[in-house]
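This report concerns a single protein chain and selected features of its fold. The sequence and the structure are shown first.

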Amino acid sequence: MQHERILPYFAKYIESELGIVYAEHNYFQLQNRLEEIAKLLSVESLEKLYKLAETGITGQFKQLLLDLATNNETSFFRDMKVFKAIENLVLPGFLQNEPSGAEMRIWSGASSTGQEALSLSIMITEWNLRSPKPIRYSILGTDISERILLRAKKAEYSQLEVQRGLPTPFLLKYFQKNEQDRWTASPSITKALEFRKQNLLDPFEFAGKFHLILLRNVLIYQPLSNKIEILKRVTEKLAPGGVLILGSGESLLGLSSDYSQTAYEGAVIYLKKGTQQSVA
Ligand SMILES: C[S@@+](CC[C@H](N)C(=O)[O-])C[C@H]1O[C@@H](n2cnc3c(N)ncnc32)[C@H](O)[C@@H]1O
């Protein structure tokens with residue numbers, strides 16, 4: 001069978017499962033990834049992989065396909081402006097509007113290998129060290145990729161990864177270097193973290209609402225109708241006065257009218273409308 005028929009077949013599968021659209025000009029990338037999967041499954045060729053798919057895409061095959069279709073690019077304190085806005089607007093707003101001692105619940109909605117959640121944890125830990133009003137907090141990180149979630153749970157990073165965005169004083173304070181020259185995050189910043197699998201296209205099964213939701217650099221891969229639908233369900237998971245943050249190149253324009261927007265030194269944050277604003 002010609003690749004011209006195999007590649008659209010897998011592209012269609014990935015779109016239906018993940019919402020991620022492979023444009024035709026990116027088929028070479030899809031082909032490389034399918035060849036990697038074939039190798040991992042000890043299947044000789046793309047034709048044989050296609051035959052296998054026809055008998056059903058399940059188990060390891062399905063997970064590999066979903067894993068390889070996603071882009072897991074992330075880094076510590078990615079887009080520092082956003083962390084400054086959280087520190088200067090969102091944390092004070094939370095303290096102002098929530099009863100003393102309340103737990104701040106945060107959801108990192110496409111957490112990748114965990115750097116976003118760990119950066120938030122470091123930031124709040126540092127805040128608590130200098131503030132007369134410490135904040136109790138928990139951070140739920142979710143992602144579609146099991147392989148990536150295993151890495152997030154392990155909280156172990158290469159030299160290159162910690163060099164990307166993590167200030168050296170935080171590296172030395174919150175990470176230990178192991179014998180393989182990799183850096184492991186200390187329990188003081190991992191203890192408030194939990195990582196779980198969640199496809200954003202599926203219903204959100206977890207209980208309770210969040211005060212802050214980060215949904216950064218993930219909606220860009222979705223077609224318009226999925227973006228609108230995901231945002232509608234995300235909004236339902238946001239507590240009254242809650243805050244939503246998207247990636248720096250993303251906006252809610254034409255996607256949701258449930259928010260008002262505010263900016264802090266170039267970072268945009270979205271406040272859920274119709275409720276007491278939690279941002280100071
Ligand atoms: C580019 S990373 C962004 C990571 C982080 N939010 C950041 O901005 O640095 C996108 C992440 O979204 C995840 N992802 C892609 N499609 C998803 C879906 N349908 N449901 C949940 N996670 C998804 C990928 O596995 C990947 O880890």
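The model is predicted, and local features need pLDDT of at least 70, side-chain atom pairs count only at pLDDT 80 or more, and totals for chains, interfaces and linings use all residues. Residues are numbered from 1 along each chain as its sequence is written, and side-chain values use heavy atoms, with hydrogens and water left out.

**Strand pairing**

Helices (H or I, at least four residues) and strands (E, at least two) are DSSP runs, numbered from the N terminus; two strands pair if DSSP finds at least two bridges between them. Strand β1 takes part in the two parallel pairings tabulated here.

| Strand | Partner strand | Bridges | Partner of Ser108 |
|---|---|---|---|
| β1 (residues 103–108) | β2 (residues 136–143) | Six | Gly141 |
| β1 (residues 103–108) | β7 (residues 210–215) | Three | Leu214 |

Together with helix α6 (residues 115–130), β1 and β2 form a right-handed β-α-β unit; right-handed denotes that, with the strands pointing away from the viewer, the path from the first strand over the helix to the second runs clockwise.

**The contact of α1 with α2**

Helix α1 (residues 3–18) packs against helix α2 (residues 27–40) at an angle of about 85°, and the axes are 10 Å apart. The angle makes α1 roughly perpendicular to α2, a term that covers 65 to 115 degrees. From α1 the contact draws on His3, Leu7, Pro8, Phe10, Ala11 and Ile14, and from α2 on Tyr27, Leu30, Gln31 and Leu34, where contact means heavy atoms within 4.5 Å. Eight of these residues are nonpolar, two are polar and none is charged. Nonpolar here comprises Ala, Val, Leu, Ile, Met, Phe, Trp, Tyr, Cys and Pro; Asp, Glu, Lys and Arg count as charged, and the others, Gly among them, as polar.

Thr125 is situated in α6 and is buried, with a relative accessible area of 15%. Buried means under 20% relative accessible area, exposed over 50%, and partly exposed in between (1.4 Å probe, protein chains only). Beyond its neighbours within four places in sequence, Thr125 touches Tyr137, Tyr174, Ser188 and Ile189.

Thr184 belongs to strand β5 (residues 183–185) and is partly exposed, at a relative accessible area of 24%. With neighbours within four places in sequence set aside, the contacts of Thr184 are Lys154, Ala155, Glu156, Tyr174, Phe175, Gln176 and Asn178. Thr184 and Tyr174 are separated by 10 residues in sequence and by 8.4 Å between their C-alpha atoms. Tyr174 is also among the contacts of Thr125.

How values were computed:
Axes fitted to C-alpha atoms, helices over the stretch in contact; angles between N-to-C directions. Parallel < 35°, antiparallel > 145°, perpendicular 65-115°, else oblique.
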